[in-house]
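Subject: Structure handover

Hello,

Here is the structure you will be working with. Please open it first, then read the notes below.

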Amino acid sequence: MAGEQRLLLENARQLVLVCGRGEKYLLQAGMASLAVLQNASLVVGQDGYIKAVGPADVIRNQFSGATFERKIDCTGKCVLPGLVDAHTHPVWAGDRVHEFAMKLAGASYMEIHQAGGGIHFTVEHTRKATEEELFNTFKHRLERMRRAGSTLVECKSGYGLNLETELKMLRVIERAKQSMDIGISSTYCGAHSVPKGKTATEAADDIINNHLPKLKELKLSGEMHVNNIDVFCEKGVFDLDSTRRILQAGKDIGLQINFHGDELHPMKSAELGAELGAQAISHLEEVSDEGIAAIARAKCAAVLLPTTAYMLRLKQPQARKMLNEGVIVALGSDFNPNAYCFSMPMVMHLACVNMKMSMNEALAAATINAAYALGKSDTHGSIEIGKQGDLVIINSSRTGQMGAVTDSGQ
Ligand SMILES: N=CN[C@@H](CCC(=O)O)C(=O)O
Ligand SMILES: [Zn+2]
């Protein structure tokens, strides 16, 4: 093949495709044995999409007449798809180190929240911050995520709670979408907490009657493209009925449902998510057996967040049971002022040690399944022809026990 291509990655010791047959997600058996090429090369075209992947000698012959803007010798190295972080709260002002001290002294997350701290504390500071201040700290956080290997990140609003500040946060996220070299899936999370002075029902009414119509208007005018809708479905925050109303109204304006559920108390959030056709539910530390069966049937991804269980000393989500029962398990960092972790490699490590996932399962959960949780596994989450050329090169000859070794290209 002739012509100018953008990038050639040559002669990688391992090229970890994750999957190679257009799978939208991987389940237990597929996660246990990932697709890997040995001594392989890869070409990214001028449009940023993967043009070819296969054994090094085959690619060399196929592209003998081509020129490349950049060539990287990957001898002895390993190439992975860019990592996908399926759950973050990265736009905020004001740190919560004092609350860490309170937690170490025995206070629970909900005790701090009910006393007006936690999310409320961050809301106060985020409302006061300028758009520029929020953008600058957000940009820095995204850069650190990218340095740790994340190339697609879900980013939530949710520290405004009123329309003005929620829009300010979403504008900041939109600006990063347009200007930064990292993929973003944006989430409206105006129901992250009940704002002071309102009941949950009043807050739900405000969201349905004022916030969502504004988002629809901004979408129609092309000013803002929000992808997902989120609610913190939790005892003392939004109950099942308010959650249902808000999520359904979001779905009605074209947002994907992707929400916080069954974190601190069993709420039947998973059952609700399955009923509403949610793309994903996060946390699920307190999910019921029926909830696990329901999300497996509904093909609703479970986004597990090992940093939260670690930080808050919660019981671990039942990753093994979910995997055994056919749930699409994904991972996220849950980066927020209470869980300050930029690194999906650290998240994968915690998932292995604390949630008893294997290394292969953790990698699949942080790539193809996390992309599925964001409705983006057509274009992200694996190394396949036609997908976006989001790649990580690691200075190591292998990533773990990859299992299936494929010697032919696609
Ligand atoms: N549980 C709700 N939301 C976040 C925490 C946000 C915060 O404490 O600021 C979470 O996913 O862990
Ligand atoms: Zn969260």
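Some ground rules before we go on. This is a predicted model, where local features need pLDDT of at least 70 and side-chain atom pairs count only at pLDDT 80 or more, while totals for chains, interfaces and linings use all residues. Residues are numbered from 1 along each chain as its sequence is written, chains are lettered from A and ligands numbered from 1 in the order in which they are written, and side-chain values use heavy atoms, with hydrogens and water left out.

The ideal angle for four tetrahedral donors is 109.5 degrees.

Are His87 and His89 buried or exposed? His87 is buried, with a relative accessible area of 0%. His89 is buried as well, at 2%. Buried means under 20% relative accessible area, exposed over 50%, and partly exposed in between (1.4 Å probe, protein chains only).

**Helix H10**

Now look at helix H10 (residues 269-276). Helices (H or I, at least four residues) and strands (E, at least two) are DSSP runs, numbered from the N terminus. In H10, 7 of the 8 residues are buried, so the helix is largely enclosed by the rest of the structure. The buried ones are Ser269, Ala270, Glu271, Leu272, Gly273, Ala274 and Leu276.

What covers them? The cover includes strand E9 (228-233), helix H9 (240-252), strand E10 (256-261), strand E11 (280-283) and helix H11 (289-298). Just after H10, Gly277 takes a positive phi of about 75°.

Contact means heavy atoms within 4.5 Å. The contacts below leave out neighbours up to four places away in sequence.

- Val231 is found in strand E9. Val231 counts as buried, at 0% relative accessibility.
- Met322 is in helix H13 (residues 319-324). Met322 is buried, at 0%. Its contacts are Leu284, Val287, Ile292, Ala302, Leu304, Val327 and Val329, leaving aside neighbours within four places in sequence.
- Thr151 lies in strand E7. Thr151 is buried, with a relative accessible area of 14%. Thr151 touches Gly82, Leu83, Ile182, Gly183 and Asp390.

Leu284, a contact of Met322, has a phi near 65°, a positive value in a residue other than glycine. Leu284 sits in the loop between E11 and H11 and counts as buried, at 0% relative accessibility. Leu161 has a positive phi of about 70° although it is not a glycine. Leu161 lies in the loop between E7 and helix H7 (163-179) and is buried, at 5%.

**Cavities and pockets**

On a 1 Å grid over the protein atoms alone, a cavity is a set of points where a 1.4 Å probe fits but cannot get out, and a pocket is an open set with protein on both sides within 12 Å along at least five of seven lines; lining residues have an atom within 4 Å of a point. Grid points are joined across faces, edges and corners, and a volume is the space filled by probe spheres set on the points.

How many cavities of 30 Å³ or more are there? The count is 4. The largest cavity holds about 110 Å³ of space. It is lined by 15 residues, of which His89, Tyr109, His192, Asp334 and Asn336 lie nearest its centre.

The largest pocket holds about 680 Å³. Of its 22 lining residues, Arg6, Asp181, Gly389, Asp390 and Leu391 are the closest to its centre. Strands E1 (3-18), E4 (66-73), E7 (150-156) and E14 (391-394) give two or more residues each to the lining.

Best wishes
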